[in-house]
Amino acid sequence: MGESEKEFTEQNLFNIKKLFYDKLAMNEPTNITRSDSSFYPPILYPSAPSAQTKESMNRRRKYRKAIYIPVTAALSLCLVTGAAASMGIIDLPSILHFLGADRIGILQPVHQVSEDQGIRMEVIGAVRDGDTTEIYVSLSDLTGQRIDETLDVYDYRVTGGNANNAQIIHYDEANKTAIVRFLIQGKVSKNRITVQINTLMSGTSLQDGYNVQVDWEKLLHEKQINSYDILDRDRISGWGGEIDIQMETDPIPVLHQDVTNIPVEGINWAHISNMGFVDGKLHIQINPDNEIGEYNHGYFYFTDEQGQKLDIPQYSISYGRYMKNGVDIGGDYDEYVYDLSAVNELDKLRLQGSFTSISEVIQGNWKTTFNLSENGLSKTGNVQLDANGASRATVTLSAVGVTLTGEALNKIRMEDLSIEVHLKDGTKLSGASGFLQLDQDLIKWISPKTIPVNDVSYLLINGEKVTL
């Protein structure tokens, strides 16, 4: 074969790519021009799938046929290998090797990079199944050892959706790189997605069983005479737990600030700044350090004399204001409130704490924007999650997993949920884990494998059959 006298240009490469992906039933968008070097095919399958994977791929893409490429085209395709890397085509299986081949198959490669503070963020791939957006992001430290297996993406924004979750799912010790999965729940009105991270934390250590000395005799003696403040609502920055007051209308009592300085053994970023009874409920006020204490967190709980945790109704509220870098910030006091009215022998209670401490806080601006089309195939049904019929949920099945929506789903414990996805060929996918509480009325189960939606016959959730 004679050597061509014409120079191999980017337009040649574009035409070859288009021929290749057309033959693979992976057509390029019609609005791509040759100057657009950010093109990626919507689906990139691994090069050597297993027989089982091939079968599931054929079920999803029934129009895919055997490919016969002319010799000249095949030789030209060899040229893509080196040039494709320079154009940003990435090999998802080599990067996300901890995912199954079929799982990678539904991801759209993204390859958008942002660097700040010596840390590199890369959006590797993503998929949108209609109500859930799943995004895989790698984070690596280019200058030090600040990224480790305890990485926490503390402050972030992802456009679209009404609930979100960011969780480290893989850590590469050799390359000091963490893979974080973002889950965004809710309909996204546009195909344009932006991922932004403002604060990262690492060096996390969780320690449980901290003992807190309580002088019950003194507390009970002051129970009837203890004074308190009524909190202005504009000072509230957050609350949680089983709140038994109307936050919009009822008076919100809190203890006077900084009356005591009771240390918590082993914790150097916070102390108990007051403790006492208000309207029959025990209040424990914490004053964290305004710097590292802003990020560290924890909670108190009660045990009996044998060390067994007790289920005592409680809620917490964050309030107060302080200045940081000239900015007025809220929430430097945490007050935990416990209803001990059902406890007969208070002196038998043991107060303990569980606290998470952070050693590294990294602030910066990592931001990328990319297009992400929707994979809208889904099936729906209904399920009753308890025997009394109090918790009913709408079930939505997609390639990514199963979504449960209904009232007061936050009262369902994730560890009490189980699921089986039964396929028409008699096989099944099952999971006793993978459930995430994304909102008080929304639970998501992320399947470890891509679900062939059209091949699903029914679901079993907590043993109850869900017809789709």
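Student: Where is His 111 found, and what is its phi?
Tutor: In this predicted model, His 111 is found in strand E1 (residues 108-116), strands being DSSP runs of at least two residues, marked E and numbered from the N terminus. Phi of His 111 is near 55 degrees, a positive value in a residue other than glycine. Most residues other than glycine have a negative phi.

Student: Why is His 111 called partly exposed?
Tutor: The relative accessible area of His 111 is 26%. Buried means under 20% relative accessible area and exposed over 50%, with partly exposed in between (1.4 Å probe, protein chains only). His 111 is therefore partly exposed.

Student: What makes Lys 176 partly exposed, and where is this residue found?
Tutor: Lys 176 has 24% relative accessibility, so it counts as partly exposed. Lys 176 is found in the loop between E5 and E6, and has a positive phi of about 50 degrees although it is not a glycine. The hairpin of E5 and E6 has 4 residues between the strands.

Student: Why is Val 180 called buried?
Tutor: Val 180, which lies in strand E6, has 1% relative accessibility and therefore counts as buried. Leaving out residues up to four places away in sequence, Val 180 touches several residues, including Ile 135, Tyr 136, Leu 151, Val 153 and Ile 168; contact means heavy atoms within 4.5 Å. The C-alpha atoms of Val 180 and Ser 138 are separated by 6.2 Å, although the two residues are 42 residues apart along the chain.

Student: What makes a set of residues a nonpolar core?
Tutor: The term denotes a set of buried Ala, Val, Leu, Ile, Met, Phe, Trp, Tyr and Cys residues joined through side-chain atoms within 4.5 Å. The largest such core here has 42 residues, and those with the most contacts inside it are Leu 96 and Leu 404. Among the strands that each supply at least two residues of this core are E2 (119-128), E6 (177-185), E23 (419-423) and E27 (456-461). The largest share, 4 residues, comes from E26. A second, separate core of 27 residues includes Ile 119, Ile 147, Val 158 and Ile 197.

Student: Which residues does Leu 96 touch?
Tutor: Not counting residues up to four places away in sequence, Leu 96 touches Ile 104, Leu 107, Ile 124, Tyr 136 and Ile 179.

Student: Why is E23 called largely enclosed?
Tutor: Of the 5 residues of E23, 4 are buried, so the rest of the structure largely encloses this strand.

Student: What conventions apply to the numbering and the values?
Tutor: Residues are numbered from 1 along each chain as its sequence is written, and side-chain values use heavy atoms, with hydrogens and water left out. As the model is predicted, local features need pLDDT of at least 70 and side-chain atom pairs count only at pLDDT 80 or more, whereas totals for chains, interfaces and linings use all residues.

Technical notes
Two strands pair if DSSP finds at least two bridges between them.
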